[in-house]
Structures are given as C-alpha cells and as structure tokens.
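Subject: Structure for your review

Dear colleague,

Please find below the structure that I am handing over to you. I would be grateful if you kept it open while reading the notes that follow it.

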Amino acid sequence: MMSRAAALAAMVVITCAAAVFAGEEPKVLLSVRMDGAAEPSAQYTIADLRALDPVTFETETIWTTGPQQFTGVPLVVLMERMGVSGGQLVAHAVNNYSVEIPVSDAVVGGPIVAFERNGAEMSLRNKGPLWVVYPYDSNPDYRTEEVYSRSIWQLDRIVIRP
C-alpha cells in the first residue's frame with residue numbers, strides 16, 4: 001500500500017514539474033482594450049492581478065447570504081494604468097453577456113475586479129474567476145438597481161469607449 005502511495009506522489013510531482021518545464025503560459029483572466037483596437041492593450045493573469053496591490057473589503061450582496069469578503073484590484077487602478085479618465089467601460093462575461101460601467105465609477109474606495117471571495121479564488125461556477133464588486137455596504141449610492149446591474153461576474157474582458 002505504501003509503495004502505491006509513493007508512486008502516486010512521484011507521478012504528481014513529475015506531472016507538475018513537466019508542466020513547469022514545458023513552459024506553459026499562465027492563463028489570461030482579463031483582457032482590456034480600447035474600442036476599435038484589434039488587440040488588447042493589457043492582459044492580466046492571476047499573478048498580474050495579485051501584483052497590483054489588491055484590496056479586501058467585506059460587504060453583503062443581493063446574490064449571496066451574509067457578509068462576504070472580496071479581494072481584488074480596484075477598478076480605478078486598472079483605469080489609471082490604461083490612462084483612462086472618462087468614457088464608458090463595456091464589461092463582458094465569459095458567456096458574452098455585457099454591461100456598461102461609467103469610468104466615473106472607478107474611484108478610490110469604489111468597485112474592484114474581485115478574484116477572491118472569502119479567501120478563495122472563485123470558480124466559473126461560483127461567479128468567477130472575476131467579478132466586479134462594489135462595496136455596497138459602505139455607501140447607500142451603491143445599493144441601487146443601476147449599480148447592481150453593473151456588478152458583472154464571470155468577467156473576462158473590458159472594452160474602453162472614450
């Protein structure tokens with residue numbers, strides 16, 4: 001029995017090492033491009049998003065039960081990196097659903113592109129891997145149907161319209 005467990009462990013290690021040495025590219029979770037551009041201006045893997053000084057806040061949502069903790073990159077940080085200060089964002093989900101978010105929503109203390117909920121990365125089945133989340137509990141202006149409609153989950157791309 002012990003030799004089977006050791007063999008299985010060795011196979012797991014070898015498989016992981018092979019993936020690393022094969023040079024597999026990390027999966028791009030978010031692409032951002034300017035309207036009309038053929039190629040994305042920026043692409044982010046989970047490591048890239050984690051490197052952008054993520055923030056964490058706790059809030060209740062209309063889609064979950066009880067307070068939830070979200071960690072992600074402030075939308076304002078992504079817009080600053082793109083040099084965008086006005087216009088509209090068209091946020092698209094994996095299933096091609098889309099919503100418009102005014103760039104004016106991208107403020108300090110505002111919405112984030114969350115990649116963790118309650119300390120764990122979110123699966124596609126669990127509204128992930130990315131979800132635009134506002135700190136609904138921090139400001140009554142964030143508890144409106146209009147803002148709720150902007151809280152797109154399964155986000156995978158943003159198109160910026162000036």
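A polar contact is a pair of N or O atoms within 3.5 Å, where one atom must be able to donate a hydrogen and the other to accept it. With that cut-off in mind, please look at Thr61: a polar atom of the Thr61 side chain lies 3.0 Å from the backbone nitrogen of Trp63. The side chain of Thr61 also makes a polar contact of 2.6 Å with the side chain of Thr64. Please bear in mind that this is a predicted model.

Surroundings of Thr61

Thr61 is placed in the loop between β3 and β4. With a relative accessible area of 8%, Thr61 is buried. When its neighbours within four places in sequence are left aside, Thr61 is in contact with Phe70 and Tyr136. Both of these residues belong to an aromatic cluster, whose members are Trp63, Phe70, Trp131, Tyr134, Tyr136, Tyr142, Tyr148 and Trp153.

The aromatic residues

The structure holds nine aromatic pairs. In one of them, the ring centres of Trp63 and Trp131 are 6.0 Å apart and the planes stand at 65°, so this pair is edge-to-face. Trp63 lies in the loop between β3 (55-59) and β4 (68-74), whereas Trp131 lies in strand β9 (residues 131-133); the pair therefore ties together parts that are 68 residues apart in sequence. Trp131 is buried, with a relative accessible area of 0%, while Trp63 counts as partly exposed at 27% relative accessibility.

Trp63 also pairs with Trp153: their ring centres are 5.5 Å apart and their planes at 75°, so this pair too is edge-to-face. Here the link is again between distant parts of the chain, as Trp153 lies in the loop between α4 (145-150) and β10 (155-161), 90 residues from Trp63. Trp153 is partly exposed, at 28% relative accessibility. Lys127 lies over the face of Trp153, at 4.4 Å from the ring centre.

Points of backbone geometry

Lys127 lies in the loop between β8 and β9. Its phi is near 75°, a positive value in a residue other than glycine. Pro129 lies in the loop between β8 (120-121) and β9 as well, and a cis peptide bond, with omega about 5°, joins Gly128 and Pro129. Gln154, in the loop between α4 and β10, likewise has a positive phi, about 55°, although it is not a glycine. Gln154 counts as buried, at 18% relative accessibility.

Which residues touch the most other members of the largest nonpolar core? They are Leu78 and Leu155, in a core of 41 residues. Helix α3 (residues 75-82) gives the largest share of this core, with five residues. Apart from its neighbours within four places in sequence, Leu78 is in contact with Leu30, Tyr44, Leu52, Val73 and Val113. As general background, nonpolar side chains tend to be buried together in soluble globular proteins.

The buried residues of α3 are Leu75, Val76, Leu78, Met79 and Met82. Why do they lie on the same side of α3? They cover an arc of only 160° around the axis, which puts them on the same side of the helix. The general rule behind such a pattern is that an α-helix has 3.6 residues a turn, so residues three or four places apart point the same way. The face of α3 turned away from its buried side carries the exposed residues Glu80 and Arg81. Gly83, whose phi is positive, near 70°, follows α3.

The protein as a whole

The protein has four helices and 10 strands, which follow the pattern α-β-β-α-β-β-α-β-β-β-β-β-α-β along the sequence. Of its 162 residues, 41% are buried. Among the contacts with a separation of 6 or more, 58% are between residues 24 or more positions apart.

One further residue deserves a look. Glu25 lies in the loop between α1 (2-21) and β1 (28-34) and is exposed, with a relative accessible area of 70%. Glu25 and Thr45 are 20 residues apart in sequence, and their C-alpha atoms are 9.5 Å apart in space.

Yours sincerely

Notes
Residues numbered from 1 in each chain as written. Predicted model: local features only at pLDDT ≥ 70, side-chain atom pairs only at ≥ 80, totals over all residues. Heavy atoms only, no water. Phe/Tyr/Trp six-rings, centres within 6.5 Å; stacked < 30°, edge-to-face > 60°. Helix = DSSP H or I, 4+ residues; strand = E, 2+ residues; numbered from the N terminus. Buried < 20%, exposed > 50% of the residue type's maximum accessible area, 1.4 Å probe, protein only. Lys NZ or Arg CZ within 6 Å of the ring centre and 35° of its normal. Contact = heavy atoms within 4.5 Å. Core = buried A, V, L, I, M, F, W, Y, C linked by side-chain atoms within 4.5 Å. Arc of directions from axis to C-beta.
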